[in-house]
Amino acid sequence: MIPATFEYEKVTTVDEAIAALSNDDTKILAGGHSLIPAMKLRLNRPAKLVDIGGIRGLKDIKEEDGEIVIGAAASHADIMYHTLIRHHLPLFTEGAAMIGDMQVRNHGTIGGSLAHADPAADWPAMVLAAGAAIEVQGPNGRRRIPATEFFTGLFSTALEPNEIITAVRIPVPANGAKSTYQKFAQPASRFALAACAVMRFADGKTNIAFTGVGENAFRDTGAEQAITGKAIDENTINAAVNAALEGVTVMSDHYASEAYRKHLAKVYLKKALMMVK
Amino acid sequence: MSTNGLIGRAVKRVEDKRFITGHGNYTDDIVLPHQTYAAFVRSQYAHARILNIDTSAAKEMPGVIAIFTGADLAAVNGVPCGWQVNFKNGDTMKEPKHPLLVADKARHAGDAIAVVIAETKEQATDAAEAVKVEMEELPCVVDAAKAVQAGAPLVHDDVPNNKSFDWVLGNPIEEVNEAMDKAAHVTTLDFVNQRLVPNAIEPRSYNSSYDPVSEKYTLYTSSQNPHLIRLLMCAFVLGIPEHKVRVVSPDVGGGFGSKIFHYTEEALLTWCSKKIGRPVKWTSERSESFLLDAHGRDHVTKAEMGFDANGKIVALRVKTYANLGAYLSTFSSCVPTYLHGTLLQGLYTTPKINVDVTAVFTNTTPVDAYRGAGRPEATYLLERLIDLAAHEMDMDPAELRFRNFIPPFDGVQQPGYQTQVALQYDSGNYEGVLKKGLEMVNYADVRREQQEAAHNGKLVGIGFSTYIEACGIAPSAIVGSLGCRAGLFESAQVRVQPTGKVSVYTGSHSHGQGHETTFAQIVADKLGINLDDVEIVHGDSEAVAFGMGTYGSRSLAVGGSAIMKSIDKIIEKGKKIAAHKLEASADDIEFKSGNFTVKGTDKSIGFGEVALTAYVPHVYPKDLEPGLDFASFYDPANFTYPFGCHIAVVEVDKETGKVSLKRFIAVDDVGNVINPMIVEGQIHGGVVQGIGQALFEGAEYDDNGQLTNASYMDYCMPRADDFPMFETASQVTPCPHNPLGVKGAGEAGTIGSAPAIVNAVIDALWSGGHKVKDIRMPLTPERVWHAMVDA
Ligand SMILES: Cc1cc2nc3c(=O)[nH]c(=O)nc-3n(C[C@H](O)[C@H](O)[C@H](O)COP(=O)(O)OP(=O)(O)OC[C@H]3O[C@@H](n4cnc5c(N)ncnc54)[C@H](O)[C@@H]3O)c2cc1C
């Protein structure tokens with residue numbers, strides 16, 4: 001478990017990080033809890049790591065212009081324990097607690113998790129359900145990528161090779177929103193075998209996102225339409241569950257065949273909808 | 001039996017101070033002067049011919065000292081198998097060479113092709129990657145039952161049908177068939193006892209050095225039995241005189257069987273250390289551990305149990321294919337035979353038993369003893385059958401067991417119980433543990449709760465397992481007659497220092513069991529001294545005379561008994577010294593609580609004074625040698641037979657198939673108990689490992705012979721939050737044939753627990769009308785869900 005030789009640089013500004021990324025074969029190092037294991041197995045062998053842990057402000061969590069802004073380098077635990085988050089985005093408080101164990105939560109970052117885009121990671125479903133935008137910065141400046149456009153496939157995102165994620169921005173939900181993250185953990189890794197995040201806004205709009213189910217996390221518009229704006233009751237829940245996963249290519253592996261995973265996803269959607277009733 | 005209350009007391013483990021403060025000294029912690037490091041080039045393929053090995057680029061890499069391939073070791077023997085089993089027709093088992101490096105072809109993924117030695121571990125790893133190996137992939141076989149079929153690829157070109165041996169035990173098959181034909185009911189089960197990866201927390205590690213002046217080697221090894229490694233490596237592999245090799249097993253972080261065996265790397269590093277004239281170290285990576293540490297279990301079995309109209313078992317017929325992997329590991333051949341077939345009497349009076357085992361080679365990691373070794377397979381088979389039979393015959397599973405138990409016998413007043421499968425049980429009270437278990441679980445109440453749950457649409461199940469095991473391995477003459485190529489005695493030297501402090505040199509090896517506490521308790525208790533005054537030394541072939549090591553729950557029953565023999569000699573000699581000082585006859589001296597006293601008087605001297613006198617023999621019996629230091633060897637008269645009753649209460653989630661363990665009751669009878677806390681700890685750990693097999697663990701090979709779950713991302717180890725608080729109790733039926741009356745507790749939990757869990761899940765499904773016979777372990781949520789959906 002020894003990585004191939006690599007260089008290491010610790011930067012203090014986002015611009016320095018972006019500059020460093022102009023070299024091929026350079027990778028951002030955040031919490032290192034996805035990248036380092038892959039390097040130790042020599043599945044990944046970047047020539048250089050740029051550590052963004054020292055960039056001032058990149059771990060900040062604050063409210064700005066009607067949005068919650070979570071710095072990309074904020075750890076899962078930073079988010080989980082933050083009162084602002086607990087107050088406005090209890091979905092994140094609930095979900096962050098289900099990521100890995102305490103060590104993982106203390107090291108792993110939201111930016112790292114989103115950039116890595118593991119098909120079974122927890123954050124992608126939560127940011128999708130929350131209607132977040134991913135703020136990224138590259139040589140040509142900043143842009144915002146809606147979460148719905150960010151995850152493009154298995155371990156792939158809309159991020160350009162020389163861009164870095166700087167923050168996750170979530171519109172502060174109006175009072176009365178309800179949310180939940182329901183996860184069935186893969187027994188060994190405890191990543192999501194199938195998980196569902198639901199955000200029900202005061203006006204009845206309902207965002208439903210799955211992770212662990214397809215090649216990337218996604219919003220389930222079919223299920224959303226079946227319940228958005230309607231009272232949540234047995235009928236609408238069943239309608240949403242029936243509509244869910246339409247046209248989705250469901251993964252199959254050692255722990256869950258396609259049929260079982262599909263079944264689980266629906267069971268967890270149902271659980272989630274019961275929670276936001 | 002205790003003199004100062006130390007025996008039987010839950011003394012805190014003395015070794016834990018160094019372990020929990022990070023001061024343990026493991027093999028990988030040892031760095032020798034001029035240390036070098038090894039890394040291996042391993043086969044990616046399960047079965048592939050080596051066409052060419054190009055080391056030229058790797059040799060030029062920084063820090064590289066030497067690279068060796070199979071060609072360099074053509075004249076060196078392979079590692080041996082320690083137990084000879086014969087075919088039914090009397091032919092010797094097929095025992096193909098297990099070379100230190102393969103030269104012709106790789107037979108499992110991970111087979112070693114070359115070793116690279118460099119100045120640092122990093123350099124060795126980089127250079128190993130630069131060795132270019134050209135291979136031609138060959139068709140492979142991973143499944144034991146398929147491997148014996150005509151046309152299956154051959155793992156060893158000269159082993160027809162991949163059969164290492166076939167073997168049979170018990171009553172003649174005709175008699176068993178006849179009894180089975182007459183049975184009122186026959187329960188049949190086709191099942192798999194899946195392959196497990198041992199997963200000791202410390203990966204295997206070796207550090208070998210050679211001193212050209214004394215011509216002596218030193219091997220540090222993470223082994224459960226350093227003397228045995230020395231014997232096998234010197235006599236069978238490298239042909240080095242034993243007195244020219246010192247083998248040390250320092251602190252070892254768990255073994256569970258996987259560190260019993262003599263591995264190729266141990267011998268190879270030792271060979272290399274002389275070649276390069278420097279010490280060579282290798283520590284397995286976790287990914288290597290998955291591929292190389294001998295796996296456990298892996299049986300494909302058909303078993304039938306016949307009953308008469310009253311539910312009495314009349315016959316048992318078993319056919320098992322045991323997967324031994326690509327090579328015969330040290331004790332692999334005895335596991336599916338003498339540690340499995342011989343246990344199929346279980347706790348029952350079954351009059352006719354026949355077990356037929358075919359042991360086969362496949363393109364997989366070698367399989368050998370893993371906690372319980374053979375006995376979990378036997379217990380799983382019997383306990384699943386009897387619980388299933390209860391469902392099929394609509395009987396209570398506890399009641400069905402009571403009808404079939406061997407009646408209590410103490411092995412003293414009543415003789416031992418002769419089984420149909422070669423063993424003679426020492427002592428037992430089998431109905432006792434089940435009765436106690438039923439009380440603890442409140443059987444009537446949980447059955448009622450189960451019905452209520454079923455009424456409310458919930459699936460609750462109760463599963464039993466009443467098990468027996470053969471431990472205290474083993475009487476040398478018996479195992480010798482069965483093919484074991486070693487004696488299985490143990491040695492112990494008890495050295496009383498002039499100040500009355502005691503050093504004990506034991507051939508047992510502690511790698512988590514707590515010998516430094518348990519053994520010290522025995523010595524301190526018997527000699528009437530403080531626990532602090534006793535030191536337990538183990539794991540060094542130069543300090544300890546000889547040893548057969550620790551496995552098969554043998555340390556206390558065999559190693560502890562050897563210590564007892566030396567203590568007896570010390571007390572006997574002490575009496576002579578005391579008698580001389582007290583001007584009495586040795587026959588009139590009694591030793592109690594640390595004092596030698598003239599019977600019926602208050603004339604007495606202490607143990608410390610006797611010790612001092614032995615080393616300062618001014619006033620001393622004329623014909624007595626000075627010193628107080630005795631070595632003993634103990635060869636047990638029989639195996640010991642711990643037994644017990646495990647009961648699981650589970651709830652199955654109807655929607656997901658996830659099993660939640662609600663309660664787990666373990667009543668174990670391990671004979672006398674020296675330290676109840678340590679025994680309970682062993683039971684807890686064992687139970688967790690058994691439940692790990694039932695619910696979580698299992699090596700999965702694909703058709704290409706790749707272990708697809710060779711990391712903790714996919715191989716599920718049990719975790720603390722998977723379990724409720726265990727409810728444990730002990731019953732004590734002393735072992736009649738060893739001086740401590742102990743039976744052994746290391747494997748009990750693992751042997752008993754798995755079938756209780758699976759039976760509970762099956763029971764839960766039956767309570768909901770799903771009449772399922774079997775679910776393949778591990779009972780992952782998906783498998784349980786399928787069982788419900790498909791039934
Ligand atoms: C034992 C264990 C258990 C885990 N369990 C879970 C779990 O249950 N659920 C779950 O969701 N995750 C789990 N994880 C993953 C964990 O959450 C990781 O921390 C996370 O996926 C990656 O975050 P990181 O900060 O560690 O990123 P790193 O490992 O440092 O980086 C991951 C990738 O993202 C890139 N990257 C990092 N930051 C940025 C950035 N700001 N901009 C652009 N690219 C960036 C890196 O270059 C790299 O390619 C687990 C990990 C471990 C080791």
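How many residues of chain A are in contact with chain B, and how many of chain B with chain A? This is a predicted model, where local features need pLDDT of at least 70, side-chain atom pairs count only at pLDDT 80 or more, and totals for chains, interfaces and linings use all residues. Residues are numbered from 1 along each chain as its sequence is written, chains are lettered from A in the order written, and side-chain values use heavy atoms, leaving out hydrogens and water.

**View 1. Where chain A meets chain B.** Here 25 residues of chain A touch 27 residues of chain B (contact means heavy atoms within 4.5 Å). Together the two chains bury about 2100 Å², with 52% of it on carbon and sulfur atoms (buried area is the accessible area, 1.4 Å probe, that two parts lose on being put together, summed over both). On the chain A side, A:I2, A:R190 and A:Y260 lose the most area to chain B, together 26% of what that side buries.

**View 2. Helices α10 and α11 of chain B.** The axes of α10(B) (residues 397-404) and α11(B) (residues 430-441) come within 10 Å and cross at roughly 160° (axes are lines fitted to C-alpha atoms over the stretch in contact, with angles from 0 to 180 degrees between N-to-C directions; helices are DSSP runs of H or I, at least four residues, and strands runs of E, at least two, numbered from the N terminus). The pair is therefore roughly antiparallel (over 145 degrees). From α10(B), B:A398, B:R401 and B:F402 meet B:E431, B:L434, B:K435 and B:L438 of α11(B).

Terms used
Parallel < 35°, antiparallel > 145°, perpendicular 65-115°, else oblique.
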